[in-house]
Amino acid sequence: MEGSILITGGTGYIGSHTSLKLLNAGYEIIILDNLSNSCLEVKDRIKKLANKGFQFINGDIRNTNQLKSIFKDKKINAVIHFAGLKAVADSAIYPLEYYENNVVGSLNLFKEMASANIKSLVFSSSATVYGNPGMPICKENTPLNPVNVYGKTKLIIEDILRNIKKADPEWRIINLRYFNPVGAHPSGMIGEDPKGTPNNLMPLISQIAIGRRKKLLVFGDNYNTPDGTGRRDYIHIEDVANAHVASLEKILKGDVLHMDINLGTGKPYSVLEVIKTFESVSLKKIPYEITKRRAGDLAEYYADPSLAKNILNWKAKFDLRKMCLDSWNWQSKNPSGFIN
Ligand code: NAD
Ligand code: WQD
């Protein structure tokens with residue numbers, strides 16, 4: 001196929017793993033990333049792993065002129081849109097930045113795509129759009145009611161896409177709602193490397209195991225779950241990346257016109273189960289202390305992943321052990337994460 005796939009946020013955690021899969025699948029890619037939450041070194045690691053080059057543009061989806069010139073100068077067949085800010089707690093402190101970066105940035109991107117007649121898109125949404133669904137299992141038609149600013153930005157973008165599609169049926173859009181992506185590429189050359197203090201469980205545990213942090217605070221052990229700690233639908237990053245390749249294929253073929261799809265395993269694990277499994281694969285002790293619940297947390301939620309199976313013919317392959325093993329492999333080979 002002549003032309004490239006534009007990947008916004010492609011040096012980030014999910015973007016880097018997906019970019020590698022796309023290169024391996026034979027696609028030409030162009031990554032656009034402002035490096036606000038990733039490192040330039042990621043680009044070289046992807047190239048090395050893929051044994052294939054690609055273009056990297058240090059740029060911003062909020063920069064309309066830059067987007068215009070990219071769409072004018074390059075032949076782009078589709079966009080996978082990862083770029084965005086994703087820290088739930090920060091989104092309450094910096095709402096303007098979150099709405100501007102996520103909503104305004106996405107709006108710019110969609111406008112310039114429409115002007116350039118590029119109407120194929122895979123968008124990174126989040127299970128956070130379900131908010132507090134009232135029951136643990138989330139289907140795609142579960143009512144959407146995000147309870148934090150970050151989640152609201154994702155819902156607004158989803159709504160914009162629904163409106164675009166209604167007004168112009170030529171668009172082909174897959175909106176992926178990820179549950180809890182964890183793990184790393186099995187080479188240990190790319191992985192999750194949060195800047196500053198991690199917000200999420202797996203990078204915190206990995207950094208404790210490598211000695212960068214002392215102990216984990218477990219947010220509550222009195223939930224209505226088998227061991228009292230919160231349960232989540234963790235999904236291996238390699239499974240998430242594969243689902244993007246499958247989604248892209250569907251929209252390029254025109255098989256899927258507009259669809260919201262959950263990406264999860266459908267099997268939740270508790271905080272204590274994650275700690276125990278990580279300890280068993282790393283042979284490291286993870287000291288932890290039970291503390292009070294974190295505001296906004298739910299006892300448990302997980303995906304009904306059946307639509308992804310039906311539409312994308314995709315199913316998560318990897319279990320919690322493999323997620324922990326690859327997280328630890330990445331962290332132990334890169335104790336300080338990416339250097340540059
Ligand atoms: P990440 O922060 O690692 O990657 C996002 C990338 O986008 C970063 O490289 C960052 O530098 C870039 N970026 C941010 N704002 C930009 C802008 N204005 N212009 C250009 N580049 C910009 O995050 P991730 O975990 O890879 O997440 C990717 C997407 O998936 C995000 O949209 C996130 O909201 C969504 N998501 C992530 C998770 C998760 O748990 N990791 C879960 C659900 C949804
Ligand atoms: C997992 C479990 C915590 C840290 C978030 C976003 C969601 C999505 C994925 C982007 C929970 C417990 C955590 C700690 C703990 N991101 N925990 N101690 O909250 O399920 O989802 O990331 O879209 O939108 O909300 O993930 O990794 O923060 O927490 O006990 O120090 O670990 O209470 O049960 P969460 P998480």
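Tutor: First, the labels: helices (H or I, at least four residues) and strands (E, at least two) are DSSP runs, numbered from the N terminus. This is a predicted model, with local features needing pLDDT of at least 70 and side-chain atom pairs pLDDT 80 or more, while totals for chains, interfaces and linings use all residues. Residues count from 1 along each chain as written, chains are lettered from A and ligands numbered from 1 in the order written, and side-chain values use heavy atoms, without hydrogens or water.

Let's go to the site around ligand 2. There are 21 residues around ligand 2, where near means a heavy atom within 4 Å. Ser126, Tyr150, Leu217, Arg232 and Asp297 come nearest. Strand β9 (216–219) and helix α7 (201–209) each put at least two residues into this shell, and β9 makes the largest contribution, four residues. By type, you'll find 12 nonpolar, six polar and three charged residues around ligand 2; here Ala, Val, Leu, Ile, Met, Phe, Trp, Tyr, Cys and Pro are nonpolar, Asp, Glu, Lys and Arg charged, and the rest, Gly included, polar.

Now zoom in on the polar contacts (N or O pairs within 3.5 Å). Tyr150 brings a polar side-chain atom 2.6 Å from an oxygen of ligand 2. Asp297 also has a polar side-chain atom 2.6 Å from a ligand 2 oxygen. As for cover, ligand 2 alone exposes 690 Å², and the protein buries 89% of that (Shrake-Rupley areas, 1.4 Å probe).

Tyr150 is one of the closest of the 28 residues surrounding ligand 1, along with Asp33, Asn37, Ser38 and Lys86. Asp33 places a polar side-chain atom 2.6 Å from a ligand 1 oxygen, and a polar backbone atom of Ile14 lies 2.8 Å from an oxygen of ligand 1. Ligand 1 exposes 820 Å² on its own, of which the protein buries 96%. Elements giving two or more residues to the ligand 1 shell are α1 (13–24), β5 and α6 (149–167), with β5 giving the most, three residues. That shell divides into 10 nonpolar, 13 polar and five charged residues.

Definitions and conventions:
Polar contact = N/O pair within 3.5 Å; in protein donor to acceptor, adjacent residues only side chain to side chain.
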